[in-house]
Structure formats: C-alpha cells, structure tokens
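Student: I would like to learn how to read pockets and aromatic pairs in a model. Can we take them one at a time?

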Amino acid sequence: MPRPAPTRHHLPGLLLLLWPLLLLPPLAAPGPLAHPGFRRLGTRGPGGSPGRSPAPAAPTRAPYSGAGEPGGARGAGVCKSRPLDLVFIIDSSRSVRPLEFTKVKTFVSQIIDTLDIGAADTRVAVVNYASTVKIEFHLQTYSDKQSLKQAVGRITPLSTGTMSGLAIQTAMDEAFTVEAGARGPTFNIPKVAIIVTDGRPQDQVTEVAARARASGIELYAVGVDRADMESLKMMASEPLDEHVFYVETYGVIEKLSSRFQETFCAVDPCVLGTHQCQHVCISDGDGKHHCECSQGYALNADKKTCSAIDKCALNTHGCEHVCVNDRTGSYHCECYEGYTLNEDRKTCSAQDRCALGTHGCQHLCVNDRNGSHHCECYEGYTLNADKKTCTVRDKCTLGSHGCQHICVSDGAASYHCDCFPGYTLNEDKKTCSAIEEARRLVSTEDACGCEATLAFQDKVSSYLQRLNAKLDDILKKLQINEYGQIHR
C-alpha cells in the first residue's frame, strides 16, 4: 500500500499543551485534511450523541480566578470526564506487528486512565477486528480502571484482514445495546467509538459508518502508518478536523491519549477564565460552575455581577446621625452640620462654631443646643436679612452722637441735639449756652449794685449746681449703658 505524503497538523484551541506537539514527529496525511485535533463533548445537537446533557456529578467547591494549570494537565479540580458509553474498535490485522499491537493496548489503557470509570460514570468496551470481529468485553463487564486495563492487556491479535465496516456494524449491533450495558436514551449518555487502524478497509465502510453516526454514535478515526486517510474521513464524524487523527508510527500513538483526555474532559470554566463572574467563580464539577460575590456584595439577578449591599438600610450600622454606603460594600458614619464625628467613628459632638471664628456674625455669635449657631446685634442695632450683619437702630443710644446736653432720636439712624431748660443750642447744633438766662438777670437787676451782684451770683451758682446735678445723673446713665453694651 503506498505511503501517504506527510503534512504537518496543528492543534486547535488554547487548552492543549504545547509540549506534546514538540514530542510528536511530523504527521502525515494525504489530501487536504487540515488541523486534525480534538473536540469537546456536549457541544453538538441532534445527530450526534454528545449534544445530550451529561449526568450530574458530585459538586466540588473550589474558587478560581481564571488562572490555573494548562488544559492538558488534568490537575485536581481542573476537569472531570463526562460519563460516556465508550467502545474501542482496534485493528489487529496481520500488518499490525505484535509490538505495535502492544502500543495500541497501551494507548487504550492511557485513555482509560484519564476517565472517571464506573457504572454511573464512563463504561468501556473493546471490539477487536481483522477479517473477523470479536467483542473482547462489553460495557457492563468491568466497572473499575484496574480490571479494565488488565482485560485490555490480555487482548491478542486476530491476524488477517481489515474488515473495518464489519467491526463498526458489530459495535453498533452488539456493543452499543442496552443488553450489553449501554444506557438508554433517558440517561442522555453520549455514545462514542474510537476506531484505530493502520490499513485500508477491505469492505464497504462508508454506508455502515453513516448508519452508525445516524444512530447517535460519535466516531473518532485514528490512522497509523499505512492507514488510508480518505477511509478515515468516511468513517469519522463531523467536523473531520476534530475527529480524524493520524500518526506515522505506533511508537508515538500514545501521545494521542492527551488529546482524547482533552476531548472527554468537562473543562472547568473557572480555570479557563470564561466564567464571566464579576467577583468569584465556584466550580461545581462536571464542567459546571456558579458565581459568588465578595463580602459586602450581593449577587444580581443575572447571577454573574455583584452589587454592594446597602448596609445602612439594614439599620445595624450604629451611626448616631448619618450612615453613608461606600462603593466597597461597606459604610461609614457622618454627622449633621455643626457636629463633629467622635473617635469611635459613630457618635457625634456639637461644634462650638462661635469659638472657631467661622460664624460670620458682625456683632455677636450665639451657640445653639443642636450644634448650630445664630447671630445677634448690640443694643441699638437690628439684625439684617442676611442674619449676620447689623444696622443701627438708635444712634442716641450709641453715645457717639456728640450732643452736649440731650440727644433726640428721629427714627432709625437719625437724631438731633437739644439743650436743658435755660440753655440755647449753638450754631454747631450740638453744644448749648446759658446766655439767655444771664441776659435776663442783667436786664432785671442792677449789675453795678452790690446787692444785685450778689443776688446774681447766688442765682447763677444755684443754677449751676442744679445743672451739675443733672449732668452727673446723665453721665451715670451713659456709663451704665456703656457697661451693659460691653458685657453683653
């Protein structure tokens, strides 16, 4: 059989490890097959079994931030294989030498190692074929890895022929039946077959493979050495670049096990960073996850984003005056105007705004009990509409009018001066003179006579005494008024 021309293949997807590519020799394939690789189960619709939902697995709670092991490294919590009904269809014709057949069995065992084996998880069967077909063991035969791998190790080659079509038909009719251990449609378990061959089928494989795919079996075709690439394409499910693999020798077939591990792995979106959780991604196992929020936040209706909890609305804040929510989901206390937050960051004390000198009052600042203040004016002044400045109400009261005897208020900010009886206001409108009294005395008595002079002096002295008494009384009143203004 002619050897196909080699061509290099590239693996799709960011989740594959790069190192297996470096270990593989140049891959060979005839024709235009591009990028053969792996595909993830559970992404197909009708016509292919992996479109069904897998059985639920026991949840594991492990938060991820999107960083983790590469996709090829199956670490704890990274991925869990989906439950499968998996049948290996292996070519043991004469062209497969004994040592090469051992490599095939190692390849099968390595894939089994990557799976979660069990009656409720993945079940495995092996169909051995050459010119005849033999079911080595059924899906229900073994339910643990150790027994499965021991059974694989006991398989022997059948030697002649390459009846690939017959092998697929047998798997469909006998291996994938409920009686043989396959689970029925109500379980929604994907049915997967991996056929490994190194030659060209000697029977009609195209129609048989089509019927198998139509029945819901997903077919992967692995070609080795002299395998016919066109035949592999006819057997495999679509898309071909995810279901057809080729290696040049059986010596490197084991390297494909990591690709199938990725194919059958329910990848954790928390590890991949595709979860879209705003805060924390929690793995639930089996490729499922849910989002949670950091402390102080609540999950929104979209089950992905988070909003800060209104702790102030919960009335557990302990703030004496005002509770203010912060963006971080916490809160802080504030005080009403005129109050200062105490050291406990919850209670408040009234500020002495008047003592701070920031009150803006023109005359007097008065502290109020509620931590605020108000302005007042000195006597004789009125508080203006701005509640801060003052306007004089009675200038006579201020004592700055300049009247020698009497100040008479004429209304707001207006006044005039007057004199005591017996005095006349001078031209300056402020001072007073007793000239009229003196003239009256002079006109009625003889100023040159001794008696008249003495009488005049007595009258003037008496009048001056009365005047002094009145002045003393006025001064006392002015002093009392001034004292009251100073001590208000």
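Student: By class, how many residues in the lining of the largest pocket are nonpolar, polar or charged?

Tutor: Keep in mind that this is a predicted model. The lining has eight nonpolar residues, four polar ones and no charged residues. Among the lining residues are Cys396, His401, Gln404, Leu471 and Leu478.

Student: How is such a space found, and what is the volume of the largest pocket?

Tutor: The general idea is that a probe the size of a water molecule, rolled over the atoms, shows where empty space is left. Here the largest pocket has a volume of about 240 Å³.

Student: Which element gives the most to the lining of the largest pocket?

Tutor: Helix H12 does, with four residues. Strand S22 (406-411) and helix H12 (450-486) each supply at least two residues of that lining.

Student: Now the rings. How many aromatic pairs does the structure hold?

Tutor: There are six aromatic pairs. Phenylalanine 107 lies in helix H2 (residues 98-113) and phenylalanine 260 in helix H7 (residues 257-264), so the pair ties together parts that are 153 residues apart in sequence.

Student: Is phenylalanine 107 buried or exposed?

Tutor: Buried means under 20% relative accessible area. Phenylalanine 107 has 0% relative accessibility, so it counts as buried. Phenylalanine 260, also at 0%, counts as buried too.

Student: Which residues form one aromatic cluster?

Tutor: Phe107, Tyr220, Phe245, Phe260 and Phe264 form one.

How values were computed: Residues numbered from 1 in each chain as written. Predicted model: local features only at pLDDT ≥ 70, side-chain atom pairs only at ≥ 80, totals over all residues. Heavy atoms only, no water. Phe/Tyr/Trp six-rings, centres within 6.5 Å; stacked < 30°, edge-to-face > 60°. Buried < 20%, exposed > 50% of the residue type's maximum accessible area, 1.4 Å probe, protein only. 1 Å grid on protein atoms, 1.4 Å probe; cavity = no way out; pocket = protein on both sides within 12 Å on 5 of 7 lines; lining within 4 Å. Points joined across faces, edges and corners; volume = space filled by probe spheres on them. Nonpolar A, V, L, I, M, F, W, Y, C, P; charged D, E, K, R; others polar.
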